[in-house]
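Could you walk me through this protein model, with the rules behind each term spelled out?

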Amino acid sequence: MDTYKFLNIPDSCFIGSTIYKKLFYENANLSTSDKSLFTDTINKVVWLYCLKPETINILAYKDEVRDYPEIEVIEVLLHKEYKLNRIAEIIMRTIPYPMLLIFKLEDKRQFYVAHQRTNQSDSSKNTIEEFIATDWLESDSALFDKLDIKQMRFINFYTLYSDIVDAISIYKLSTIMPTDDNITGTEARELSAKIEDIEQEITSLRAKLKKETQFNRKMELNIEIKRLEQNKNKLLGGDRL
């Protein structure tokens, strides 16, 4: 529990119990490859904290889109790094609550968060929105100081979870470009998405360039790559286009 003291979650929320892989095998409709992924990659899944009205003075939240009765903090101890996005998706679909999911490999940690919406065609299921994930974090990461929940809004579980998502979004952007104290979580996610889109387009064009045999077409591709790189550099320099 002391490992996550930086979260400043009250002891009343501490669970510290193992979530056995059997839960996912029986409830997540896993394919054979997904079961192998869990078996080979995961050492242990730990339910660290459960924040709910009975354990912390925060109200549940529900509207026509979201149902946030509580927030979970879950730690996944790994044997190795492999297909973490898929593992995160399985865990978040099987345990349908807003979640701070922490992957731990040796002394490093990686955080995953994602807002969830109630599935309009099946209220028993949840739709996971965009994953926000950090890189691997060392024990002295600057992000930890930003995740003190006592500095966040306690209006309800939606506002609290939004603040957690925003803190991680802003930190993630700050690792690749200058940010200021005025940037919002929404702006950080939009900028990150723009940069990622440009990088994917550059990668695609470079793959085409390798296969291209016509000189004129090579020139066109090179010019387009240069233009995209300039746009990316403007973004990284703080120009939001």
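## About the model

This is a predicted model, in which local features need pLDDT of at least 70 and side-chain atom pairs count only at pLDDT 80 or more, while totals for chains, interfaces and linings use all residues. Residues are numbered from 1 along each chain as its sequence is written, and side-chain values use heavy atoms, with hydrogens and water left out.

## Overall fold

The protein has 7 helices and 10 strands; these are DSSP runs numbered from the N terminus, with helices being H or I of at least four residues and strands E of at least two. Along the principal axes, the C-alpha atoms fill a box of roughly 65 × 45 × 40 Å.

Of the 241 residues, 41% count as buried (under 20% relative accessible area, with exposed over 50% and partly exposed in between, using a 1.4 Å probe and protein chains only). Among contacts (heavy atoms within 4.5 Å) with a separation of 6 or more, 65% come from residues 24 or more positions apart.

## Where helix 2 meets helix 3

Helix 2 (residues 32-41) packs against helix 3 (residues 84-94) at an angle of about 105°, and their axes are 11 Å apart. Here axes are lines fitted to C-alpha atoms, for helices over the stretch in contact, and angles run from 0 to 180 degrees between N-to-C directions. The two helices are therefore roughly perpendicular (65 to 115 degrees; under 35 is roughly parallel, over 145 roughly antiparallel and the rest oblique).

Helix 2 brings Asp34, Leu37, Phe38 and Thr41 to the contact, and helix 3 brings Arg86, Ile87, Ile90 and Ile91. These residues divide into 5 nonpolar, 1 polar and 2 charged, where Ala, Val, Leu, Ile, Met, Phe, Trp, Tyr, Cys and Pro count as nonpolar, Asp, Glu, Lys and Arg as charged, and the others, Gly among them, as polar.

Let us stay with Ile91, which lies in helix 3. Ile91 is buried, at 0% relative accessible area. Leaving out residues up to four places away in sequence, Ile91 touches Phe24, Phe38, Val76, Met99 and Leu101. Its C-alpha atom is separated by 8.4 Å from that of Ala28, 63 residues apart along the chain.

## Aromatic rings

There are 11 aromatic pairs; rings of Phe, Tyr and Trp (its six-membered ring) pair if their centres lie within 6.5 Å, and planes under 30 degrees apart count as stacked, over 60 as edge-to-face and the rest as tilted. One of them is the tilted pair of Phe6 and Phe111, 6.5 Å centre to centre with 35° between the planes. Because Phe6 lies in the segment before strand 1 (14-18) and Phe111 in strand 7 (residues 108-113), this pair ties together parts that are 105 residues apart in sequence.

Phe111 is buried, at 0% relative accessibility. Ring pairs also link Tyr4, Phe6, Phe111 and Phe144 into a cluster.

## Two loop residues to look at

Ile58 sits in the loop between strand 2 (42-51) and strand 3 (61-62), and is buried at 3% relative accessibility. Apart from neighbours within four places in sequence, Ile58 is in contact with Pro53, Phe154, Asn156, Phe157 and Leu160.

Glu106 is in the loop between strand 6 (99-105) and strand 7, and is exposed at 64% relative accessibility. Most residues other than glycine have a negative phi. Glu106, although not a glycine, has a positive phi of about 55°.
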